[in-house]
Amino acid sequence: MADAANGEGAPVEPQARKVVYCGVCSLPPEYCEFGGTVKKCKEWLEDAHPDLFERLYSESSVEASLSTLSLDAQKRAERDAQKKAARAEASEAREQEKKAAAKVYIKRIERNKRKYVTAVIGLEAHGLELKKVAKDFGKKFATGSSVTKTASGTDEIVLQGDLSDEVYDFITETYKGVPEDNLECIEDKKKKSG
Amino acid sequence: MFKKDINPAKKTKVKSSAQRALRSKLCDSYPLLAPYIDEIIPKKSQLDVMKLPDFATLYSLESHPLFVEIEKKGADDIFLPHLKLVHAFPHCFKRVQIDRGAIRFVLSGAALMAPGLTSPGGRLPPAEEALKPGEVVAVGAEGKDEICLIGILKMGTEEMKEKKKGVVMDEGHYLGDGLWKLSVE
Ligand SMILES: [Zn+2]
């Protein structure tokens, strides 16, 4: 309305190109082949952008891209890619192992006579953002819930009230990434420092 | 230059007067970008700034990194666009091309070497459009659509053609480097 009248001209369409970036390695998909996660990248692309996948990974396009390199350079590039992939796989396996081993403790702590708080320790090792989880807890249980620093410098979530069992159930239902076997409810009697 | 991962620092707001100055400096550095400056940095927007290592500062708009200002001793600061901005407006930047074999070296943070540009898969501008040392240049790659590196030339393009060896660029921002991975959310 006012735009046309004030001489600035009609609003212009955005001119920026929209580029697709790989959901796995974050590069433009045509560069995925140089990272260590090609296999995963390809799976992602096939699912998310089938047309682009077809363009990049059809047999003819792969051949065309290789033919400009000398045989020697091709071999070197291939070896390099294999090494990278092996490294990425190893680090992922380590990550998985760590996750599988990381315990989550739900600790009932007695504050005053029959006043309890519930501390949840170790969720961050399963890729959860504590602040968000604390908010979820607070909403779900309608209670005070916050992220607190412990004496040892790590973060934990502290909820007001004795909610161990409820929290246990909520975690197993909501955060599927946390294996139930890793969850443990423990009790902290008064003034027992840990 | 941004080979290592960068720990995000605190973002602060850019004053509106500084933001206006910035807009005009950007347009001076990249005249071809000027027609789009209102889209990149809308007049009423609020830019954020974040200190990076090595006398560099990153400007961003909301969650979009835009460009890095690099302090140069005894010379004007250099404005290096973030690759996401280059991908959005690729034709606004001077461009050369490396051959396929050089891609993996560039993406692992190695200095750019002349043979990667002078070989059959590479591409350099003709003599009348020669690029000089100190210019910011986007580097494309044989068989690829998108720019994989942007940086400051160390050797002019005519000299490259002549010598066919040596370091061509060792200050730049490449796909997957610390700057690429830095989140400004
Ligand atoms: Zn990828």
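Let's start where the chains meet: 23 residues of chain B are in contact with 22 residues of chain A, contact meaning heavy atoms within 4.5 Å. Before going on, a word on the source: this is a predicted model, where local features need pLDDT of at least 70 and side-chain atom pairs count only at pLDDT 80 or more, while totals for chains, interfaces and linings use all residues. Residues are numbered from 1 along each chain as its sequence is written, chains are lettered from A and ligands numbered from 1 in the order in which they are written, and side-chain values use heavy atoms, with hydrogens and water left out.

Back to the interface. Chain B and chain A bury about 2,000 Å² between them, and carbon and sulfur atoms give 54% of that. Buried area here is the accessible area, with a 1.4 Å probe, that two parts lose on being put together, summed over both.

How many salt bridges does the rule find across this interface? Four, where the rule asks for a side-chain nitrogen of Lys or Arg within 4 Å of a carboxyl oxygen of Asp or Glu. B:Asp145 forms a salt bridge with A:Arg55, and the closest N and O atoms are 3.0 Å apart.

Which elements of chain B give two or more residues to the side that touches chain A? They are α3 (83-88) and α4 (100-106), and the largest share, four residues, comes from α4(B). Helices (H or I, at least four residues) and strands (E, at least two) are DSSP runs, numbered from the N terminus.

Helix α4 of chain B holds B:Arg104. Leaving aside neighbours within four places in sequence, B:Arg104 is in contact with A:Phe34, A:Arg76, A:Ala77 and A:Asp80. B:Arg104 counts as buried because its relative accessibility is 13%; buried means under 20% relative accessible area, exposed over 50%, and partly exposed in between, with a 1.4 Å probe and protein chains only.

Now over to the metal in chain A. The zinc ion is coordinated by the SG atoms of A:Cys22, A:Cys25, A:Cys32 and A:Cys41, at 2.2 to 2.3 Å. Donors are N, O and S atoms within 2.8 Å of the metal (3.2 Å for Na, K and Ca), and water is not among the atoms, so sites may look incomplete. The donor spacing along the chain is C-x2-C-x6-C-x8-C. A:Cys22 and A:Cys32 both lie in the loop between α1 (2-5) and α2 (38-48) of chain A, so this pair ties together parts that are 10 residues apart in sequence. A:Cys22 is buried at 5% relative accessibility, and A:Cys32 is buried at 2%.

For chain A as a whole, we have seven helices and five strands. Of its 194 residues, 28% count as buried.

One last stop, in chain B: B:Glu135 sits in the loop between α5 (115-118) and β8 (136-141). Is B:Glu135 buried or exposed? Buried, because its relative accessibility is 17%. A polar atom of the B:Glu135 side chain lies 2.8 Å from the backbone nitrogen of B:Lys132.

Note on methods
Polar contact = N/O pair within 3.5 Å; in protein donor to acceptor, adjacent residues only side chain to side chain.
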